[in-house]
Amino acid sequence: MITRFAALIVLLAALLGATTAQAQSADGTWLTQAGDARVKVGKCGGGICGVIVWLREPTDTATGQPATDSKNPNPALARRPMIGLPLFSGMQSSGPNKWSGQIYNADDGSTYASSVTVTGADSLRVEGCVGALCGGETWTRAGR
């Protein structure tokens, strides 16, 4: 009888551990695949938000001033600083460890349909699509 009870405890612990391992959080600071930016991701409005918090090159080499969102087609937005720039909008849960919404690409000033998926304790898959063309990269958790 004690052996069955011990086996049941081990089984329950394994099941609870598997559930905990599957429920991974996107919260934290992530280094982009190119290593040129860090993005702080956290909960907001029932989903997640992501904001640039660090740049490898934080100043514009042409002006010597802090880098701005210069590729944004909206002149008012083109002057906003890159540090603090929101990247995700409308990112809502779309499955276990996955959110869907839009992502802003400061490299071209455009917004794309996107999904963000936690693929491991220290990896985040960020994908964006324009029509049928999709691409993505894997970000790694920073500062652990």
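1. The link of Cys129 and Cys134 is right-handed, with 110° about the S-S bond. The two residues form a disulfide (a pair of cysteine sulfur atoms within 2.5 Å), and their sulfur atoms lie 2.0 Å apart. Cys129 is partly exposed, at a relative accessible area of 25%, whereas Cys134 counts as exposed, with 55% relative accessibility. Here buried means under 20% relative accessible area, exposed over 50%, and partly exposed in between, with a 1.4 Å probe and protein chains only.

2. The model is predicted, and local features need pLDDT of at least 70, side-chain atom pairs count only at pLDDT 80 or more, and totals for chains, interfaces and linings use all residues. Residues are numbered from 1 along each chain as its sequence is written, and side-chain values use heavy atoms, with hydrogens and water left out.

3. Cys44 and Cys49 also form a disulfide, with their sulfur atoms 1.6 Å apart. This link of Cys44 and Cys49 is right-handed too, with 75° about the S-S bond. Cys44 is partly exposed, at 27% relative accessibility, and Cys49 is likewise partly exposed, with a relative accessible area of 29%. By the sulfur distance rule the count comes to 2 disulfides, and when bonded cysteines are counted along the chain the pattern reads 1-2, 3-4.

4. As to the overall build, the protein chain holds 1 helix and 8 strands, which run from the N terminus in the order α-β-β-β-β-β-β-β-β. These elements are DSSP runs numbered from the N terminus, helices being H or I with at least four residues and strands E with at least two. Of the 144 residues in the protein chain, 28% count as buried. Taking contacts (heavy atoms within 4.5 Å) between residues at least 6 apart in sequence, 33% join residues at least 24 apart. The accessible surface, from the Shrake-Rupley method with a 1.4 Å probe, comes to about 8,900 Å² for the protein chain, and 60% of that surface belongs to carbon and sulfur atoms.

5. The largest pocket holds about 900 Å³ of space. Of the 31 residues that line the largest pocket, Asp36, Met82, Asn105, Ala106 and Asp107 are the closest to its centre. A pocket is an open set of points on a 1 Å grid over the protein atoms alone, where a 1.4 Å probe fits and protein lies on both sides within 12 Å along at least five of seven lines; lining residues have an atom within 4 Å of a point.

6. Which strand gives the most to the lining of the largest pocket? That strand is β8, with 4 residues, and at least two lining residues each come from β3 (47-55), β5 (98-105), β7 (123-130) and β8 (133-141). By residue class, the lining of the largest pocket divides into 13 nonpolar, 9 polar and 9 charged residues.

7. Ala142 is found in the segment after β8, and with 16% relative accessibility Ala142 counts as buried. Leaving aside residues up to four places away in sequence, Ala142 touches Thr29, Trp30, Leu31 and Arg38. Between Ala142 and Ser123 there are 19 residues of separation in sequence, while the C-alpha to C-alpha distance is 9.9 Å.

Notes
Points joined across faces, edges and corners; volume = space filled by probe spheres on them. Nonpolar A, V, L, I, M, F, W, Y, C, P; charged D, E, K, R; others polar.
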